[in-house]
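Let's take a friendly walk through a protein model. We will look at how some of its side chains meet.

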Amino acid sequence: MRPRSLDEVVGQQHLLKPGSPLRVLAAEGEAQRGAVSIILWGPPGTGKTTLAQAIAQSSGRRFVELSAVTAGIKDVRTVMERALNDRDLFDIATVLFLDEIHRFTKAQQDALLPGVENGWVTLVAATTENPSFSVISPLLSRSLLLTLEPLQDDELRTLLTRAVEDPRGFDSAISLEDEAFDALVQLASGDARRALTGLEAAGASALAGKKGAETPVVTAEIVSVSVDRALLRYDKNGDQHYDVISAFIKSLRGSDPDAAIHYLARMIEAGEDPRFIARRLMVHAAEDVGMADPQALLIAVAAAEATQLIGLPEARIPLAEATIYIATAPKSNAVITAIDSAIADVKAGRFGLVPIHLRDGHYPGAKRLGHGKGYKYPHNEAMGVSKQQHLPDELLDREYYKPVPRGHEREIADRLEKIRKITRDI
């Protein structure tokens, strides 16, 4: 069911508009002269290899495919020499598709540079890892980076429907219930290859149990048995989505790592976008842990970056680590309370002029206006803190940040009490 041309490709339409680099690369004759090397970055099953092969079949160029898993420098140099000869002797252009370029060492990637820079080949490289970290800078600067997105649910349904009806697929030898479609889409989680693999397994099971001349029907139960995976009642756009994420958040807040891990597992297995989970972890590290353990936000951000770099299934590990850390950390909502209280005052018009000694005194004429006059430089004080008004007159008594007596905020509370005695003379 691999598309034979770019017009058959499902999804990635943001990369396939008329005049786009991929369209130019697939064009024939004079139209393809503007083609440049391309790096395709995206999760598995989003169409990187499909796009490369569709380009090969459309452009009429010589197409060479290498995998970084098995190819070495010798293979690359052989391709480059042949491409140079084909160009100079026969006026034949070469497209080199290199799958999993992130597996190439720096030396192996360096071997690609002469061919790309001198136009011997047009490189189409595919990677599931962030090219900023996995591809050398000279090669990155000579190529266009195109980002592929996971397929949307309606795109997966289109793909599955075509596989059921097309002669290259099941040729209408089976039919699918709506619930079976939903199950396959859910289990695919934006991965076209996974969707087709699940359909192939479920269709084979249905055909094996065929009785008489009736067309076998693939049900949700057959899908579940075929892929050996429970079908979770979890609609990414429905009530279950909100119920599970709500339970996940409240388990984090409630310091229950076992429950939090359970709901994390449900979201992952149901096909939730791991980046969505990572965003929720960052928010709640700041909102529910805050300064009681500032390390929680750093760990949540690191988990989010790791998720972006490695993707599922490996991303489940840093997500689980961040979940357990946040769930077991001391809790404080003093940070969100402080900023929300300050925003409420500003929205209500409770603000005044910046005290004159805090105003900028660097621009021409500022000194004449008295800006900065009387400012006390804290580093000149023995304690590193000076008695000085920082809030506007209208808000002199405001204390937005009120640390709780838990975790790191216990120390902050003691220090802040001493600081306020100096700065506010209380």
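## Before we start

Buried means under 20% relative accessible area, exposed means over 50%, and partly exposed is in between (1.4 Å probe, protein chains only). This is a predicted model, where local features need pLDDT of at least 70, side-chain atom pairs count only at pLDDT 80 or more, and totals for chains, interfaces and linings use all residues. Residues are numbered from 1 along each chain as its sequence is written, and side-chain values use heavy atoms, leaving out hydrogens and water.

## Salt bridges

The structure holds 17 salt bridges (a side-chain nitrogen of Lys or Arg within 4 Å of a carboxyl oxygen of Asp or Glu). One of them joins Asp-86 to Arg-82, with the closest N and O atoms 3.1 Å apart. Both residues lie in helix α3, four residues apart, about one turn of the helix; helices (H or I, at least four residues) and strands (E, at least two) are DSSP runs, numbered from the N terminus. Asp-86 is buried at 6% relative accessible area, whereas Arg-82 is partly exposed at 42%.

Another bridge connects Glu-287 with Arg-253, their closest N and O atoms being 3.8 Å apart. This pair links distant parts of the chain, with Glu-287 in helix α14 and Arg-253 in helix α12, 34 residues apart.

## An aromatic pair

How many aromatic pairs does a search of the whole structure find? It finds one. The ring centres of Phe-63 and Phe-97 are 6.4 Å apart and their planes are at 15°, so the pair is stacked (centres within 6.5 Å make a pair; planes under 30 degrees apart count as stacked, over 60 as edge-to-face and the rest as tilted). Phe-63 is partly exposed at 25% relative accessibility, while Phe-97 is buried at 0%.

Terms used: Phe/Tyr/Trp six-rings, centres within 6.5 Å; stacked < 30°, edge-to-face > 60°.
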